[in-house]
Amino acid sequence: LVQVSVLASIIAIAAVGEAIVVITRNVDLSVESTIGLVAFVVADLLASRTLSEPVGIAAGLGLGVVLGMGNGILVGALRVPSIVATLGTLSIYRGLLLLFAGGKQVTVTDLPEGYTALARADLVGIPVFVVIAVAIVAIAAIVLRQTRGGRYVYAVGSNPEAASIIGIRAGLVMFAAFTACGLLGGVAGVLWGLEFGTVNASSATGVTLQVIAAVVVGGVAIFGGSGTVVGAGLGALFLAFISNALILLRLSQFWLQAIYGIVILLAVLLDAALLRRLQRSTSRRRGQ
């Protein structure tokens with residue numbers, strides 16, 4: 001249970017950032033490349049003893065912010081559809097990782113002694129990773145529900161045109177959402193390196209599917225405007241337990257990938273059905 005919750009915490013943190021983006025009626029497909037690139041850069045800097053551990057971690061978080069800002073500029077300022085923009089940056093960031101890694105990997109023995117111990121540390125019996133994930137979920141939930149900026153995120157996701165009419169700068173809100181997603185992807189990348197120790201150019205490959213599945217399982221509407229980051233965090237935990245159950249039952253991991261895909265498809269179909277029902281109800285009221 002501890003091991004499952006630790007791994008789920010990494011996905012949950014990335015899912016919180018993804019949920020913020022999805023609520024604005026967008027999607028970030030580059031999250032796995034962000035996690036992988038940050039994980040490798042931080043590990044490589046620490047392995048070469050170029051920076052101290054706190055500075056190396058801060059550099060990784062800064063890199064995540066920069067990568068998120070890149071997506072935010074494409075979507076929020078240049079108005080490139082998010083699925084196209086982040087599909088491009090997914091390849092670009094992974095290409096940068098391949099270029100930077102140059103075919104090498106950083107192993108746990110290359111890292112400073114005791115650096116990865118945090119992955120197995122606990123606070124009052126609760127894994128530190130879980131504490132970090134819960135804190136991030138709580139902070140994000142408060143910001144989204146209790147602040148003006150958080151309400152802007154929901155307003156843009158519900159109706160971008162109406163939000164612009166009442167003075168909300170939709171492009172700026174989208175930029176902030178992608179930047180937050182990049183930051184949390186950076187946090188997940190740092191924790192990824194701490195948990196696995198060995199990092200290479202293929203680290204975090206396929207994580208995007210897990211993150212998006214966690215978001216939609218958690219009740220965040222794929223068409224934007226509704227949902228909570230708490231739900232996204234719980235969705236990550238739920239999928240982690242399903243993954244563990246498949247392992248215990250000695251079933252093929254193909255079923256896990258299939259489950260992720262089915263969950264996403266069902267969420268899209270359900271959202272579409274609810275949207276059509278809402279539109280018909282609105283049309284009938286207008287007709288009366």
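Student: Where is the place of Leu1?

Tutor: Leu1 sits in the segment before helix 1. Helices here are DSSP runs of H or I with at least four residues, numbered from the N terminus. Note that this is a predicted model, in which local features need pLDDT of at least 70 and side-chain atom pairs count only at pLDDT 80 or more, while totals for chains, interfaces and linings use all residues. Residues are numbered from 1 along each chain as its sequence is written, and side-chain values use heavy atoms, with hydrogens and water left out.

Student: Is Leu1 buried or exposed?

Tutor: The terms rest on relative accessible area: buried is under 20%, exposed is over 50%, and partly exposed is in between (1.4 Å probe, protein chains only). Leu1 has 78%, so it is exposed.

Student: How far does helix 10 reach from its first C-alpha to its last?

Tutor: The expected span of a helix is 1.5 Å times one less than its number of residues. Helix 10 (residues 229-248) has 20 residues and reaches 29 Å, close to the expected 28 Å. Its buried residues include Val229, Gly231 and Leu246. Just after helix 10, Arg250 takes a positive phi of about 60°.

Student: How many residues of helix 8 are buried?

Tutor: Helix 8 covers residues 170-196. Of its 27 residues, 21 are buried, so helix 8 is largely enclosed by the rest of the structure.

Student: Which residues form the positive surface patch?

Tutor: Lys and Arg count as positive and Asp and Glu as negative, with His and the chain ends not counted. A charge is placed at NZ of Lys, CZ of Arg, CG of Asp or CD of Glu. The patch is made of Arg276, Arg277, Arg280, Arg284, Arg285 and Arg286. Arg284 belongs to helix 11 (residues 254-287), and at 52% relative accessible area it is exposed.

Terms used:
Patch = residues over 30% accessible without salt bridge, like charges linked within 9 Å, V, L, I, M, F, W, Y side chains within 5 Å. Areas by Shrake-Rupley, 256 points an atom, 1.4 Å probe, with all protein chains shown as cover. Salt bridge = Lys/Arg side-chain N within 4 Å of Asp/Glu carboxyl O. Helix = DSSP H or I, 4+ residues; strand = E, 2+ residues; numbered from the N terminus.
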